[in-house]
Amino acid sequence: MIAKELRSLLGDAYRLAVSEGLLPPVELPEFVLERPRQKAHGHWATNLALLLAGSLKENPRRIAEAIAAKLEGIERRGNPTIERVEVAGPGFINLFLKKERILSELTRVAGEGDDYGKWSFGEGKSILVEFVSANPVGPLHVGHGRWAAYGDALCNLLEAVGYRVEREFYLNDHGTQMENFAASVEARYLQLGGLEAEVPEDGYHGSYVKDIAQQIWEEEGDRWLEASPEERRRHLGELAYHKMLEEIRTTLEELGVRFDRWFSEREMHRRGEVEKVISQLLQGGLAYERDGAIWMATSRFGDEKDRVLVRSNGQPTYFAADIAYHLDKARRGYWRLINIWGADHHGYVRRLQAAMEAQGYPGKLEVILGQLVNLKRGGEPVRMSKRTGEMVTFRELLKEVGKDVARYIFLTRSQDSPLEFDIELAKAESMENPVYYVQYAHARICSIMRYAEEKGVRTVGGIPAPQVLERLVAEEEIDLALKLFEFEELVRDAALERAPHRLTRYLEDLSALYHLFYQRHRVISDDPELTEARIFLSLCTRQVLANGLRLLGVSAPERM
RNA sequence: GCGCCUGUAGCUCAACUGGACAGAGCGGCGGACUUCUAAUCCGUAGGUUGCAGGUUCGAGUCCUGCCAGGCGUGCCA
């Protein structure tokens, strides 16, 4: 891998300069090695000398010159990577690669195929990612869709760098919201039976509740009208809950997101885990009683104040259940827990992390806050409340724009930037969505391959001989090849930064370079060697496009 | 009041965590299909990165103070 190789060459060059007394010794800083925006700045460039200037108290250009000289020395002793080194500006070291090295790297891309871009530094350590976790009392809203797409792509990335990943959905199927939901469905059911009934003030007023009641009415008929209120509410609530859960599951499937586990809060309560945790905390001196309630001493672990676990009416809080749930996750032995939460939960992060630390799991829980989606329609804000009838569900949106567009729109944005989502704009732009730009590049290459086969040109098998690859000399070809090589580091960085959106940007740049290459050069020509070389370059590009799209969970079509 | 996030082209967003002339898409304007897919390509216009200071070789990025927006700040979930 070129970047890695250049990094170690730079380190060697510096140490060599030190050993010859040209530069004072100091620990090598974390330096940037990047593909510069401008071609004049080389194939790769580094700020190493600029960083060293601080600790060495030395002119950065002089440091750069010394390193550059040693670098060329190393190169002359037979390491065929660098063609030329230049010192530029305040002390940048610009590196120009040997043509042969670029071509040999290209064969690596082809050789690794579907594995190109993968790493193993995760060492098989296990990560549990919990995301979406929407309450099963209403359909998913657009924000859930965003976090689902983000979470799934993040999981793909973590897997690509060598972690074992499990996707988990925490089901809040317990507590007052479930009761309110049941009461709301019951009211709608009774109305269908011609009886007087009102949806409670703090119930759910969305039209989907009517739809569910209607379905139940059709399936169950009027048999619950006469039942005892307790039994009726319990049954209707259960039926509605399972319908809602199915709706959520289906929507996520339509987005291409599958969870390994649906963890039920209710089951956890039934197993007595919540009570057990509370008594353990009391015994361990981490919780105490005051004003008739039980409090956890989270403030001893960095929280602003202590938090209630059990209210004075005897009911455990949501926080208590969350502690039990996260303790359960921690005890399952994962190397790390990642939660993706809506930004409206950010006030909750510290107290839960405090609770984890109190129980002997400091640093185990990583919380990623996904910013909310601001839904608009033609510039006008749209409310997303489950309680009012006015709502655009994520599923409706998904139907209108399709899985690939939806995922891509969400994944082009950094997760900590609030997203403005204009429905009309999204519909209009779905035809112009950049996802098609990337997919088109992939389909276009497939199309060229089909054409080649018609012409009897071989498109599969084997790495071209060196003299064939050397036919790749055009600027567009070299630019394209160099762009391919950025993919590996990009996957690593995107995984470590939890930033799948970096991939979309890259794929668009890569596609642009391919479209440009296509525009200016014919792949299939009368020149057999040149044709072979260009087919090979095209196939490498297709491979990287496919690998990138796979990480995003977006399809790579063979024709469009 | 306090805490977290955000403020970049007309619009939606990037900018590899302090690097070289701040970039894409959409929208605007002008061009390119007899040749492997025009869902493409080329050119052009568009910016005091919310404001004011500071840190240094170098700031959209870091520090301070303002301004604006979102979210949070429950014995709610």
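Tyr288 stands opposite Trp295 in E9, and this pair is a handy place to start reading the predicted model. Strands E8 and E9 run antiparallel and are joined by 4 bridges; strands (E, at least two residues) and helices (H or I, at least four) are DSSP runs numbered from the N terminus, and two strands pair if DSSP finds at least two bridges between them.

Stepping back, E8-E9-E10 is the order of an open sheet of 3 strands with antiparallel pairing. Strand E8 (287–290) and strand E10 (307–310) each have a single partner strand, so one side of each is left without a neighbour in the sheet. From one strand to the next, the twist averages 45°. Angles run from 0 to 180 degrees between N-to-C directions, with axes fitted to C-alpha atoms, for helices over the stretch in contact.

Now let's turn to the RNA. Among the elements that each supply at least two residues of the surface near RNA strand B are strand E9 (293–296), helix H6 (176–192) and helix H16 (434–454); near means that a heavy atom of the residue lies within 4 Å. That surface divides into 26 nonpolar, 21 polar (Gly among them) and 23 charged (Asp, Glu, Lys and Arg) residues, with Ala, Val, Leu, Ile, Met, Phe, Trp, Tyr, Cys and Pro counted as nonpolar.

On the RNA side, sugar or phosphate accounts for 59% of the atoms within 4 Å of the protein. A phosphate oxygen lies 2.5 Å from a backbone N or O atom of Ser414.

Residues are numbered from 1 along each chain, and chains are lettered from A and ligands numbered from 1 as written. Local features need pLDDT of at least 70, side-chain atom pairs 80 or more, while totals for chains, interfaces and linings use all residues, and side-chain values use heavy atoms, without hydrogens and water.

Definitions and conventions:
Polar contact = N/O pair within 3.5 Å; in protein donor to acceptor, adjacent residues only side chain to side chain.
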